[in-house]
Amino acid sequence: MTPFLDVQNLTKSFGAQVLFRDICFSVGEGQRVGLIAKNGTGKSTLMKILMDEEGYDSGSIIYRRDIKIGFLTQTPVSDPEESVLDACFNHRGDEEKILKAKQILTQLKISNLDQPMGQLSGGQQKRVALANVLITEPDFLMLDEPTNHLDLDMIIWLEGFLQRGNKTLLMVTHDRYFLDRVCDTILELDQQKIFSYKGNYAYYLEKRQERLDAQRAEIMRANNLYRRELEWMRRQPQARGHKAKYREDAFYELERVAKQRIEERQMRLKASKVYIGSKIFECQYVSKAFEGNDIHPEPKVILKDFYYNFARFEKMGVVGNNGTGKSTFIKMLLGMVAPDSGRFDIGETVNFGYFSQEGLQFDEQQKVIDVITDIADYIDLGGGRHMNASQFLQYFLFTPEQQHNYVYKLSGGERRKLYLCTVLMRNPNFLILDEPTNDLDIQTLQVLEEYLQDFPGCVIVVSHDRYFMDKVVDHLLVFHGEGEIKDFPGNYTQYREVAAMETKAQAQQKASSKEAEQPKKDYHNDTRRRLTYKEKMELQQLEKDIEKLESEKAEIEEALCSGTLSVDELTKKSIRLPQLNEELDEKSMRWLELSEFA
């Protein structure tokens, strides 16, 4: 099979820094590939090269000639005067395409299709760009961080969308659940090379560890040989015959292997020396609403008489759809936004550390290490233990060489990581992290997860990263919008399981209510009554009919969400769906009635 994309011997460097050298990989039809790498090692550059936004030193990139490609960049650019519908869709007059555009934009919670792009937030513009890529139905999707700026419901919808059909996909994402459920191949860019794993993220983790163990064994063997060969090389040249040239060449190759480094942290950053009193903060019946505007005339309610008393060492996750008020709640807690009524009572010992979505403006001409030492020379770990600024940076995967880089040389992900280090270096006892996983690589996320698990203070995390939330938090505030907030004792996966059970229970209760409203047939109060032969046959047929109707209903619902229907098909299926529901209700009630006597 001819691959959709074939990359051969691709090399890219910036000055003396080589990002990758002679890398080779391909993406075949129907393959779903996830690309992962540490910040600063070149994954975004590689995606830009593949999207023809960046040049390269040598090698070849070959796409199959007859395919249509859809690109989603990290920071899409749009015309601020253009409407949402025009920006994501260039087939004016094609009603079928317009209909599909509206379906996908609705799933991505973009409701005002006539709104100028210039009035949208950066996150909304990214969602419009994503809609544009999906609407055009490309043969090959290339997506750079598609889950950034999506809320949890949108991410789950996108998972389902990408899983359906024989889609071909290459994407960069830090969302590990997304990688696990969508991708069947993982490409890892590491040590200037590409490593390929034919499986999902869980399979990649297992096989990567096997690769590192094998590499570690090879380096240990090479080190043992290297010490012996070094003694031989140090002898006087006359002691070595001219026939030993092959041995010299082998020595230099051995030296290269022996001097390889596998970067790994030998320790977890255990309990920093922080103290927090028994009084943390109390949210005393706080209300907050924003007035409507021309676009959204109705007032937007964030909090309504909300009460909460935060406990010591609590690790809370804040989840909810975009626009329900999560970030506003955080800013109110920090005193950056005033409540309309009520108050926040903050304990005297509380020292907040705030990691915001907006990030931090750095002095571009400063070195990475100097950014940190301007805050503190070391961090006190307690028990007489200290960690200096360089060690702290190294813990968060800044190599000694990177620490002496100027800020302007850092990638977007490395800047985000440096900003995180500036927050943590201040040794706060109460951390508030607003979307901390955006733009951080998976290795850094693993380090941060360990740090937060061991953190002896309080933590509030606002995040759409389900894997991260499951690892870090033990308690959720769920923002449903319009001031409705649910307090849930557990992590995100547990919350979804309970929510699914509640939805099922509500559906069953609704069905039971309908049954109670149906007029009962008079069976002359015969409690010993049994089904007649005819009724037994009817019951068996009902079971078959119900199964068939439920199957048809599932197919119609999936088709309506697919965005692939023509106007006529959409109309027919939209008419058929309520008819199906009526038939199902009627047959289900009759089945319940007969099954009582079966």
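Reply: Let's take Lys315, which is buried yet has no salt bridge: the nearest side chain of opposite charge, Asp474, is 6.4 Å away. Here buried means under 20% relative accessible area, exposed means over 50%, and partly exposed is in between (1.4 Å probe, protein chains only). A salt bridge needs a side-chain nitrogen of Lys or Arg within 4 Å of a carboxyl oxygen of Asp or Glu. For charge, Lys and Arg are positive, Asp and Glu negative, with His and the chain ends not counted. This is a predicted model, so keep in mind that local features need pLDDT of at least 70 and side-chain atom pairs pLDDT 80 or more, while totals for chains, interfaces and linings use all residues. Residues are numbered from 1 along each chain as its sequence is written, and side-chain values use heavy atoms, leaving out hydrogens and water.

Setting aside residues up to four places away in sequence, Lys315 touches Leu452, Gln453, Phe455, Gly457, Val459, Val472, Val473, Asp474 and His475; contact here is heavy atoms within 4.5 Å.

In the fold, Lys315 sits in strand 12, residues 315-320. Helices (H or I, at least four residues) and strands (E, at least two) are DSSP runs numbered from the N terminus. The loop between strand 11 (300-309) and strand 12 holds Phe313, which has a positive phi of about 65° although it isn't a glycine. Phe313 is partly exposed, at 44% relative accessible area.

Zooming out, the chain has 18 helices and 20 strands, and 46% of its 598 residues are buried. Among contacts with a separation of 6 or more, 69% are between residues 24 or more positions apart.

Start with helix 5 (residues 152-163): its 12 residues should span 16 Å at 1.5 Å a residue, and its end C-alpha atoms are 17 Å apart, which agrees. The expected span is 1.5 Å times one less than the number of residues. Helix 5 is mostly covered, with 9 of its 12 residues buried; Trp157, Glu159 and Phe161 are among them. At its start, a side-chain oxygen of Asp151 comes within 3.2 Å of the backbone nitrogen of Asp153, and just after its end Gly165 takes a positive phi of about 75°.

Glu159 is the one to watch in this helix, as it has two arginine partners to look at. Arg181 forms a salt bridge with Glu159, the closest N and O atoms being 3.8 Å apart. That links distant parts of the chain, with Arg181 in helix 6 (residues 176-182) and Glu159 in helix 5, 22 residues apart. Arg181 counts as partly exposed at 42% relative accessibility, whereas Glu159 counts as buried at 5%. Glu159 also meets Arg466 in a salt bridge of 2.6 Å, N to O. Arg466 lies in helix 15 (residues 466-472), so this pair with Glu159 of helix 5 ties together parts that are 307 residues apart in sequence. Glu159 and Arg466 are both buried.

Another pair is Glu364 with Arg415, whose closest N and O atoms are 2.8 Å apart. Glu364 lies in the loop between strand 14 (352-355) and helix 10 (368-373) and Arg415 in helix 13, so the pair bridges 51 residues of sequence. Glu364 is partly exposed at 31% relative accessible area, and so is Arg415 at 24%.

Glu137 follows helix 4, with a positive phi near 50°.

How values were computed: A polar contact is a pair of N or O atoms within 3.5 Å; within protein, one must be able to donate a hydrogen and the other to accept it, and residues adjacent in sequence count only if both atoms are side-chain atoms.
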